[in-house]
Amino acid sequence: MKRSAPLAPSDGLIALAFAAAYVALLLATAGDLGYARDEGFYFFAANRYGAWFQALLDAPRAALDPQSVDAAWSVNHEHPGLIKSLFALSNLVLQKRLGLFAVEGTSYRFPAMVLSGVGVALVYLWGTQARDRLAGASAAALFAMLPRYFYQAHLACFDAPIVTVWALCAYAYWRSLRDGGALWPVLTGVAFGLALDTKHNSWFLPIVCVSHAVGMEVRDRIVARASAAGAAPAASPARAGGARRPLAALAAMATIGPLVFYALWPWIWRDTLPRLREYASFHLNHEYYNMEFLGRNYWTPPMPRAYAPVMTAATVPLVTLCLFAAGLCAAARERLLHPLACAAARLAPEGGRLALAAERALAARLRPPADDPGGTALLWFLAIAAVYGAWFSPSTPIFGGTKHWMTAYPFIALFAGAAFSAAVRRARVGLRALLLARRGSGARAGVATRAAALARGPLVPALLGAAVIAAPIAETLHAHPWALSSYTPLVGGAPGAANLGLNRTFWGYTTGAVVAYLNEHVPPRGTVYIHDTAGPAWEMLLRDGRLRKDIRGVGAVAGADFALYHHEKHMLGQAYQAWVAFGTTSPDHIAGPDGVPVILVYRNRAR
Amino acid sequence: MIPAKPRETASAAGEATSARGRRRALGLLALLGLPALGVGELVAHVYFSERAPDFDAWREVAAPLAAMKQPGDLVVVAPGWADPAARRALGDELMPLRDAARPDESRYAAAVEISVLGQRAEELAGFREAARQERGPFVLRRLVNPSPARVVYDFVDNVAPASADVRVTDPPAACRWNPRARIAAGGLGGNPTFPAERFECPGGPFFNVGVTVIADEEFRPRRCIWSHPPKDGEIVTRFRGVPLGSVIRGHAGMYWMIERERRGAPVTLSVRVDGEAVGEATHADGDGWAVFEFPLGAHAGAAEAEVEFAVRSADYTHRHYCFEADTR
């Protein structure tokens, strides 16, 4: 991160364009995506909160009565209320009053879509400021075109929103360090409060920010002492604001954050501490759900430590991962080498061991990196490390798959964007060298000069950009609406992942992929065993009109006309229930990506 | 001493040249390597997404399979995850429940393996290839079992009043055969399906004897005789007029979601032939789909015998016990 670029007005417009394009894409592709299990629960909760908001408008005093508050907000109180409130308000205002959406379900999903668009825009802005516009644009595009993130960005859930709000808090903290003043620390505190009110992933934010502040301080001290001792060239001027800026941001997180959290979650307005304890306890002692990994069904600790890295490698496009690795290595070389050499030089006694003396000499030769008061690379790295770190514990549940570490993805994309920008610069050098070599070997000088000008122009970034983003776009769009079943070519795509025994789906959302079949084949007032689809998620398909309104969802296969089976290894018994009840092992309909069965529909032939 | 200035200058010039070379190499790497990586991933994505046959393509194997398969042959799909596509295309006639939820492969004289993506069925590893045919993305191989068991009588096929009856012992009561019982299935996380044809015992719907399918420790289907032990005494299934081989062999297990908790009491299966105990198998939680085999001694080869399977447990809570057996 060699420089911090100021934003131009056009950057705001570009960011807006990124956000708008992403939201438009999400809206355009939402129609064939079924409703995930958790969405069903959040629809229900949002409706209760919506009723309370309506009551607040109609009779504020009664609505604010503690019993009324508790009655509404105790629903789904294992998660904070902010995002569900947005779902509720979107449904109340944008759908029921303005009728903006073709189907009701989209009105609940819309706030998360907008927040996802904001996330993409934020990645663009941060990448542009930390590096340059090319880095920002490529980071935003690579982030937007992560197949699993793209899926989550559609949903009326908290997983995509927390990615944005998490990154927003980290960004505000970074701006606090870089710019100083009072505004950004205050915004850091507010953003942290919003993150607390979005999802419990926010609990990792203080770890990241405190570690970062400590890391920056340690680095400064090492370099300053080495410089004073003459073991290294003078470092860049002392970090602007010293330790005051991070302290201001951290203080804001500690004070403003909880206030915002409290203000926006009515369930904790009463019995605050016991309820917070209950909330924390729910997540700290969360039950273990089943998850297949490499052919084995995990349902109780110890969980596999390789889960997060392997699943990341299997689901994030390879080109994005390679660029991330290159960006991380470049940043480490640029930012770590100098302080490490300085530290080694400090430890090396006069006439000490050869290796340390060599380090001392290296420290004396190394130039300090460019000034970066925001400690950008360290912050991005810690944001990734803190999130992934949790999954190295064998007691961390692995259900939920990739969504639980998606908060690291903006930072992976930012490193990738920085690497892409550096690669373009290097490619220009390479192209010039190639062309000069051609000129030297007899090519016409005019042609070579014109070609060298081409190397400086937009052609190189455009071609490289197209080559880099093509696979992520293809994979992301191809994955829809099967994103939880999609895997990258690194593991052989969806069929390769099935061979390896990687989880094929969860959450029962793939019912959306068989509505056309059900509408055509289920008899009038017929019944369908809905398996893993949550009742409210099924109801939303009916309310949307995507499913015929006379089709009835039932909770057991016995007596049903049709039975759904969403494939998960530990749920195979559900398919066997249908075999015995319907007297057949032959599904009437199958759907899934690339020839891999994900959802089966069994037909009761006795009906 | 005169400082070696010319040497230093030469060294600096060399370093600069080397740095330029490195920059050029990195430049070329970025210029060519990055597009190669991106385009390579795109090509790989297209390749892998089109590699497996789509669901309708499985109908192509029906004709070659019918030509290759002989009566009694097992049909196996490799990889296993493609099995539903084959079952949809080929139907129950070629892939009946009895085979799909088989106890193991030991009784089959031969199997036809339908393979895609170069996969092989591990369970047929010891079988010998007798015929092979390729059809598009499919490879069909007829594999012969080098030592198939000859099953004389399969108890699971005979859970019906014509050949069996069921009783509980404490208090003694007969279990009534109901050919049109209300099918019951536990739904998400619940019990396996209780079929329409079953013996119904006192104590509620869980106390019945009928043929169902459970999921074993690998969640594979296992067709078996549901035999939940009663609170007290035994639940006894008696088969009459059974021709005997030299052993009674079988498997027992519980719906794995129950068994894996390892909180339940052991369940004991006693096998009696013409009133004489020939063996007992005690199933502890965690055993999974476990095999048992009892030599029949003097009863071996009898043309007609009465065979009883009695199931009991010290604590009947959540004992979703299910067994299969044959004599061979």
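Student: What should I know about the numbering and the cut-offs first?
Tutor: Residues are numbered from 1 along each chain as its sequence is written, while chains are lettered from A and ligands numbered from 1 in the order in which they are written. In this predicted model local features need pLDDT of at least 70, side-chain atom pairs count only at pLDDT 80 or more, totals for chains, interfaces and linings use all residues, and side-chain values use heavy atoms, with hydrogens and water left out.

Student: How many disulfides does the structure hold over all chains?
Tutor: There are two over all chains, a disulfide being a pair of cysteine sulfur atoms within 2.5 Å.

Student: Which cysteine does Cys175(B) form a disulfide with?
Tutor: Its partner is Cys201(B), with the sulfur atoms 2.1 Å apart. Cys175(B) lies in strand 7 (residues 172-178) of chain B and Cys201(B) in the loop between strand 8 (198-200) and strand 9 (208-215), so the pair ties together parts that are 26 residues apart in sequence; strands are DSSP runs of E, at least two residues, numbered from the N terminus.

Student: And what is Cys224(B) joined to?
Tutor: A disulfide joins Cys224(B) to Cys322(B), S to S 2.1 Å, and the torsion about the S-S bond is about 100°, so this disulfide is right-handed.

Student: Switching to chain A, is Cys322(A) buried, exposed or partly exposed?
Tutor: Cys322(A) is partly exposed, with a relative accessible area of 32%, where buried means under 20%, exposed over 50% and partly exposed in between (1.4 Å probe, protein chains only).

Methods:
Helix = DSSP H or I, 4+ residues; strand = E, 2+ residues; numbered from the N terminus.
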